[in-house]
Amino acid sequence: MIISKQSIGIIFGILAYFSFSILDATQKTLILYHSVFQLLLVKYFFVLFLSLVESKRKNNIYFYKSKSIKLQIFRSLLSVIESGFFVLSFKYLSLADTHSVGSLAPVIVVALSAIFLKEKVSTKTWIAIFVGFIGVLIILRPTSSIFDPKALLPLLAAFALGLYQVVTKKVSEHDTTETSLFYTSIIGIFAMSFLASNFWSPISSSSYILFLIVGIFFSLGIYLQIIALSMASASIIQPFHYTLIFWAIVFGYIFYNDIPDLFTIVGAVIITISGIFVLTQSTKS
């Protein structure tokens, strides 16, 4: 049986999100004992390595040259903000809650693309975007007595990620993937080196192993995603982003004994349906 190029792309996409799930389960342990800046510093060093590998593979010796340097800097800073908020979320919230709210990002991308890139968005899509935010409200329960402002962290991360992806769309018109990876890593390393030195926690031998796992699965996830997108369109791969919620529930239960409540499950289902509908509509248009 011959497997189509698109099907292979989907397989790589699923494996990419599985890698990110292992990454997040590991980060949830590390963030309890180390600063978010230490985690990000390690991740950006691995991104630098990945940019060098990609440039070598594509024989691009000028990967460090950007035609839109200001946008690259802005994009890289958004990456730091998004990653920081998202990793910090694991310190206070379960994997399922974090990923359920964070999964609003693809919906936010479409909304911001309409605002900043002037892409056409139908009335049906705007309604679906609104429904997605309803799903977030169900999970966060802002009017409830149990509401914690820290629960807004993954929502802030989702907004930053949405804006990051919109800027990435614009940057990709001029720069290659390896160029974007290079600037993300350099700016991330520069910023995190300064911050991590001021918020440094001693690293135990077991933490070294976990940091290595973080670096490996972060790089693997990004690389598998690059391969997936080279074989299938983003509109085909993006819906599998919602498998992160499934793995978050599974790993949250296995490693942290977290069981999502009814509000989280209902909200996650609403966000997933809303997101897939929005992605489907954007593909049609």
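The model is predicted, so local features need pLDDT of at least 70 and side-chain atom pairs count only at pLDDT 80 or more, while totals for chains, interfaces and linings use all residues. Residues are numbered from 1 along each chain as its sequence is written, and side-chain values use heavy atoms, with hydrogens and water left out.

Two packed helices are described by the angle between their axes and the distance between the axes. Here helices (H or I, at least four residues) and strands (E, at least two) are DSSP runs, numbered from the N terminus. Axes are lines fitted to C-alpha atoms, for helices over the stretch in contact, and angles run from 0 to 180 degrees between N-to-C directions.

Helix H2 (residues 36-57) packs on helix H3 (residues 69-92) at an angle of about 125 degrees, and their axes are 10 Å apart. H2 and H3 are therefore oblique to each other; angles under 35 degrees count as roughly parallel, over 145 as roughly antiparallel, 65 to 115 as roughly perpendicular and the rest as oblique. The crossing of H2 past H3 is right-handed, where right-handed means that the near helix is turned clockwise from the far one by less than a right angle, and left-handed anticlockwise. On the H2 side, Val36, Leu39, Leu40, Lys43 and Tyr44 meet Ser79, Val80, Ser83, Gly84, Val87 and Leu88 of H3, contact meaning heavy atoms within 4.5 Å. Seven residues of this contact are nonpolar, three polar and one charged. In this classification Ala, Val, Leu, Ile, Met, Phe, Trp, Tyr, Cys and Pro are nonpolar, Asp, Glu, Lys and Arg charged, and the others, Gly among them, polar.

H2 also holds Ser55. Ser55 is buried, with a relative accessible area of 6%; buried means under 20% relative accessible area, exposed over 50%, and partly exposed in between (1.4 Å probe, protein chains only). Not counting residues up to four places away in sequence, Ser55 touches Asn60, Phe63 and Glu178.

The largest nonpolar core has 40 residues, and Phe20, Tyr44 and Ile222 have the most contacts inside it. Such a core is a set of buried Ala, Val, Leu, Ile, Met, Phe, Trp, Tyr and Cys residues joined through side-chain atoms within 4.5 Å. Helix H1 (5-30), H2, H3, helix H8 (177-198), helix H9 (205-231) and helix H11 (243-256) each give two or more residues to this core. H2 gives the most, with eight residues. Ile222 is in contact with Phe20, Val47, Leu50 and Leu181, leaving aside neighbours within four places in sequence. A second, separate core of 30 residues includes Val110, Ala151, Tyr164 and Ile245.

Ser100 lies in helix H4 (residues 95-102) and is buried, with a relative accessible area of 1%. Beyond its neighbours within four places in sequence, Ser100 is in contact with Ile139, Ile245, Thr264, Ala268 and Ile271. H4 packs with helix H7 (residues 153-171) at about 35 degrees, with axes 8 Å apart. Thr98, Val101 and Gly102 of H4 meet Pro154, Leu155 and Ala158 of H7.

Finally, the axes of helix H5 (residues 105-116) and helix H6 (residues 123-140) come within 10 Å and cross at roughly 135 degrees. That makes H5 oblique to H6, and the crossing is left-handed.
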